[in-house]
Amino acid sequence: MRNATPTPINLRPKRSVAAPNDLLAAMSRQVVGQDGSLESIVPYVQMYQAGLAPEGRPVGVFLLLGPTGTGKTRTVEALAEAMHGSPKNLLRIDCGEFQMEHEVAKLIGAPPGYLGHRETTPLLTQQKLNAATSERSNLSIILFDEIEKAALSLNRLLLGVLDKATLKLGDNTTVNFERSLIFLTSNLGARGMSGELRPDFGFDALVQKPRRNLSRKLESIAMRAVKKRFSPEFVNRVDVISTYLPLDNTALNRILDLLLDDFRRLILHRLGQRAFAVEVSRGAREFLLKRGTSPEYGARELKRVVHRNLIQPIAAMVAQGLVLPGAIVCAEGKASDEKLRIEAIPV
Ligand SMILES: Nc1ncnc2c1ncn2[C@@H]1O[C@H](COP(=O)(O)OP(=O)(O)O)[C@@H](O)[C@H]1O
Ligand SMILES: [Mg+2]
């Protein structure tokens, strides 16, 4: 028999994690152009670090809205990395996997005696929450990603979590969410938004539009969709609602820099003495940005495009012994090219 009473948990933070400015700086290094959202997260972490987060509810509940590929999921990963040292150190529920009512039941597991009880380990257990902490902090980050895809019963289940910070599992044990930051991401209203984002005369026109107007428009489209989908009680229990803005050219260029920096770090880290430099010309950057970004899908494809068109061809050259240690690998091209020209120049 399992114990039905919840395990008491210590609500005090383990020891202080990164100072708030460091936390913001660490997240800003990973997430480009969404400062408002990042700034709104910090005070909740601080409240927890100070030991002053209210009892009986999660430390913070955030609803991240806005067009696809603008950094909503990345934000939560960046927070996990800043707090726990790895972007994977979070409990992630991909709501697309819970589109049917019976799938939602998997989150809490079947009651004892029910068919399938033994096979169903609930996905939202106290152990799983605790596993999403680290040496540095005992605050768990929980991500319900793309919440609009889940069956409606997930909303009911979440309501209790958001309100009382507890969830009753099928086996009658209780999970405590008082030491958790809960993130809900959603593309709700995305269709309405893409009307705003696909102006008559192309991507650049979008960037020319005053951002404040656009931001207000997207916010109201998103909120209208949220109110249609979630009850007022549900919306009331959310602490912060952020609407992510589409990324402009400057932001997309910075994201490309982040991806190229990651690649350069990987080369140094993995190849050590055999490392080489990578230079990407302006035209080659345009090639990558043209294929990897769009007003509709944001920067979603950029990583894949960089992999396919830059990292994989360079890896093939390395595997064939064509890149000598200390060489400079240059990628050149232009937006309209079929592929990049990549050449290793020995030093
Ligand atoms: N604002 C951003 N800052 C940095 N990278 C971003 C940003 N937006 C998108 N990306 C890149 O695109 C990928 C997909 O973004 P993601 O956060 O998953 O989008 P969504 O808003 O749909 O959740 C990320 O893994 C990252 O490489
Ligand atoms: Mg996402």
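In this predicted model, ligand 1 lies between domain 1 (20-243) and domain 2 (249-345), because both domains give residues to the shell around ligand 1. That shell comprises 20 residues, of which Val32, Gly71, Lys72, Thr73 and Arg74 come nearest to ligand 1. By residue class, the shell divides into 7 nonpolar, 9 polar and 4 charged residues. Helix H3 (72-84) and helix H13 (302-319) each supply at least two residues of the shell around ligand 1, and H3 gives the most, with 3 residues.

The model also contains an open sheet of 5 strands, which pair in parallel and follow the order E2-E3-E6-E1-E7. Strand E2 (91-94) and strand E7 (240-243) stand at the edges of this sheet, where each has a single partner strand, so that one side of each is left without a neighbour in the sheet. From one strand to the next, the twist averages 15°. In general, the strands of a sheet pair through backbone hydrogen bonds, in either a parallel or an antiparallel manner. The pairing of E2 with strand E3 (residues 140-145) is in the parallel sense and extends over 4 bridges; within E3, aspartate 145 is the bridge partner of aspartate 94.

How values were computed
Residues numbered from 1 in each chain as written. Chains lettered and ligands numbered in written order. Predicted model: local features only at pLDDT ≥ 70, side-chain atom pairs only at ≥ 80, totals over all residues. Pairing = 2+ DSSP bridges. Axes fitted to C-alpha atoms, helices over the stretch in contact; angles between N-to-C directions. Near = placed C-beta within 6 Å. Nonpolar A, V, L, I, M, F, W, Y, C, P; charged D, E, K, R; others polar. Domains from an automatic or database assignment.
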